[in-house]
Amino acid sequence: MSPATSPSGEPVVELTAVRKEYPGGVAALAGVDLTVRRGEMTAIVGPSGSGKSTLLHIVGTLDRPSSGSVRIAGHEVADLRDRELSALRAQSLGFVFQSFHLAPGVSALDNVADGLLYSGRPLRTRRREAAEVLERVGLADRMAHRPHELSGGQKQRAAIARAIAGDPVLLLADEPTGALDTASGDAVMALLHDLNAGGTTIAVITHDHEIAATLPRRVRLRDGLIVSDTARAAA
Amino acid sequence: MRAARPRPARLSAADVLRTGAAGLRTRPARVVLSALGIAIGIATMISVVGISASGKADVQRRLDRLGTDLLVASPGVSLLTGEKAAFTPGAEKTARRIEGVEHSAATGTLTGTVRRSDKIPEEDTGGITAQAATETLLATLRGELRRGTWLNAGNGRFPSVVLGSVAARRLGVDEIGRQVFIADRYFTVIGILAPLPLAPEIERSALTGWDAAREYLRFDGRPTSVYARSADGAVSRVRGLLPRTIDPRNPQDVKVTDPSAALQAKAAATGAFTDLLLGLGAVALLVGGVGVANTMVVSVLERRHEIGLRRSLGATRGHVRLQFVTESLLLSVLGGAAGMVLGSLATAAYAASAGLPPVVPVWSISAGFAATLAIGTLAGLYPAVRAARLSPTTALQTP
């Protein structure tokens with residue numbers, strides 16, 4: 001669909017036989033194989049309890065699998081220590097959350113600039129790059145505003161700006177429209193499409209089939225297993 | 001793509017401070033309240049040390065002015081007669097010959113009473129003693145006159161008298177030229193002395209010239225006290241030599257006292273008082289530290305989302321730990337700085353009201369700062385470790 005979606009791009013995410021079990025024997029993921037290539041825009045859909053949040057955590061290196069192999073941006077997660085995973089997140093991953101997680105009382109500019117804090121850039125550079133991405137997401141005139149002075153849609157756009165500042169290899173969005181009304185939600189999705197058209201690899205976790213339907217690739221999850229994948233079906 | 005292992009960035013000192021301060025900026029009320037505990041502790045300690053140091057400085061200042069080099073020798077009580085003996089005439093001149101003695105003087109107690117006039121009954125002495133004094137007494141005591149002149153070779157032969165400050169007040173004499181009745185005749189007041197903290201017995205005396213005492217008051221010329229002012233550092237040696245020099249036959253009976261000893265004891269006592277209050281300040285500081293630790297623990301619980309977000313942005317456990325220790329340190333230093341200002345102000349205010357020279361010792365400021373840093377680190381360590389241990393996925397969960 002989108003011209004930027006080139007299935008031949010190098011893999012950004014490679015999951016092989018990934019299982020995740022929680023104490024008590026509950027398997028949130030029961031053997032998942034998934035490859036996401038550079039430039040793709042993927043929806044990971046499923047009802048609550050299907051394991052999509054666990055999948056997000058594992059792809060985002062916030063959690064490790066019980067078994068199976070996870071490669072993110074070419075790094076085998078099992079080989080990396082906790083601090084190296086942190087560095088990997090700082091350099092290669094961007095997160096967008098349903099509830100924005102913006103620091104209260106801090107301007108949009110500094111919220112975005114703080115997203116670059118752990119990449120080791122100096123403050124001046126962080127602020128400059130933050131201003132650039134805020135412009136890209138259409139918040140050029142809201143940089144000095146604090147979160148409580150922004151609308152829900154603006155907050156999520158600021159959060160997206162924070163996630164894409166520093167050009168991550170992969171942008172992970174967890175129910176990005178979950179806390180927004182339809183119009184703001186559509187605007188946020190349009191922004192994600194624009195970013196993907198500009199080359200950003202994006203995975204959107206959602207339970208909303210309507211939103212999923214607008215994305216080029218859809219991976220459907222149920223009971224910890226992938227039940228359908230439009231990319232695999234096409235192949 | 002399959003590049004080297006990712007390496008976490010080191011935050012600059014400025015970024016560490018900014019991140020630590022960020023948590024405080026959004027919760028000003030809590031910051032003030034928990035820093036207050038530290039502030040009270042530090043202020044207590046600084047002001048206790050400061051006030052006691054000011055008190056000591058005051059005693060020291062007085063000691064410096066009065067000198068710790070004055071010795072007073074008095075004859076012992078005679079074993080044979082039970083009466084207070086006297087030295088041989090000229091004992092003060094003998095004392096002057098001891099190496100290190102710079103001034104010496106003598107007084108001799110006279111038998112007559114001192115009264116305002118002959119109408120006052122003889123029993124009503126007001127505790128004032130008549131004494132003969134050598135001309136060197138004023139210089140030896142480093143005394144000053146409030147009014148008039150001191151005894152000299154000229155006026156010392158005539159019935160003239162110089163009154164000590166207390167004696168003058170008790171006699172109601174405030175100007176020179178007045179007459180006071182000593183023994184059986186009137187003497188003219190030619191001078192009134194300023195207070196003499198090292199020689200209260202002189203403050204309570206009416207002093208006549210040596211010759212006048214012999215001529216008009218049947219004085220035998222034998223000194224009953226010898227005052228010796230010695231050079232710096234010679235005091236203890238002079239003290240050892242004085243009895244043998246002025247009374248070679250009965251040196252064991254000679255009593256030598258150091259009037260500045262009482263003042264020195266007072267300076268030492270001021271110090272002993274401090275330790276107790278300092279302990280009290282330390283307890284206050286400890287309670288303040290517990291307050292900071294408590295604030296930090298609560299803060300970590302409340303800011304789970306922030307911690308989760310920072311982990312997702314790439315913060316290592318070390319970054320999170322450092323952030324919370326820095327926050328606790330800043331909180332503590334804030335309180336400590338306020339406490340130092342408060343403690344110094346309290347010291348200055350007390351010193352001003354008590355007429356002391358305000359002194360806040362540098363060591364108390366540096367000790368206070370060190371205590372603040374130690375407490376901040378200790379109080380922040382446990383909450384910081386807890387924050388760092390928090391799993392990012394749990395931290396990000398929406399409750």
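Hi everyone, let's begin with the fold of chain B, which comes to 13 helices and 10 strands; helices (H or I, at least four residues) and strands (E, at least two) are DSSP runs, numbered from the N terminus. The radius of gyration of chain B, taken over C-alpha atoms, is 35 Å, well over the 21 Å that the globule rule gives for 399 residues, so chain B is more spread out than a compact globule. That rule is 2.2 Å times the number of residues to the power 0.38.

A quick word on the source: this is a predicted model, where local features need pLDDT of at least 70 and side-chain atom pairs count only at pLDDT 80 or more, while totals for chains, interfaces and linings use all residues. Residues are numbered from 1 along each chain as its sequence is written, and chains are lettered from A and ligands numbered from 1 in the order in which they are written.

Back to chain B: along the principal axes, its C-alpha atoms fill a box of roughly 115 × 45 × 35 Å. Residues 24 or more positions apart make up 85% of the chain B contacts with a separation of 6 or more, a contact being two residues whose C-beta atoms, placed from the backbone, lie within 7 Å.

Now, how do the helices pack? Helix α1 (residues 13-25) of chain B and helix α11 (residues 317-354) of chain B have axes that come within 8 Å and cross at roughly 70°. Axes here are lines fitted to C-alpha atoms, for helices over the stretch in contact, with angles from 0 to 180 degrees between N-to-C directions. The pair α1(B) and α11(B) is therefore roughly perpendicular (65 to 115 degrees; under 35 is roughly parallel, over 145 roughly antiparallel, the rest oblique). Among the residues that meet are Val16(B), Leu17(B) and Leu24(B) from α1(B), and Leu322(B), Thr326(B) and Leu330(B) from α11(B). This contact divides into 7 nonpolar, 5 polar and 1 charged. Ala, Val, Leu, Ile, Met, Phe, Trp, Tyr, Cys and Pro count as nonpolar, Asp, Glu, Lys and Arg as charged, and the others, Gly among them, as polar.

Next, α11(B) meets helix α12 (residues 362-389) of chain B: the axes come within 7 Å and cross at roughly 150°, so α11(B) and α12(B) are roughly antiparallel. Their contact has 18 nonpolar, 9 polar and 3 charged residues.

Finally, the partner chain. The contact takes 30 residues from chain A and 26 residues from chain B. On the chain A side, helix α2 (residues 82-92) of chain A gives the largest share, 9 residues.
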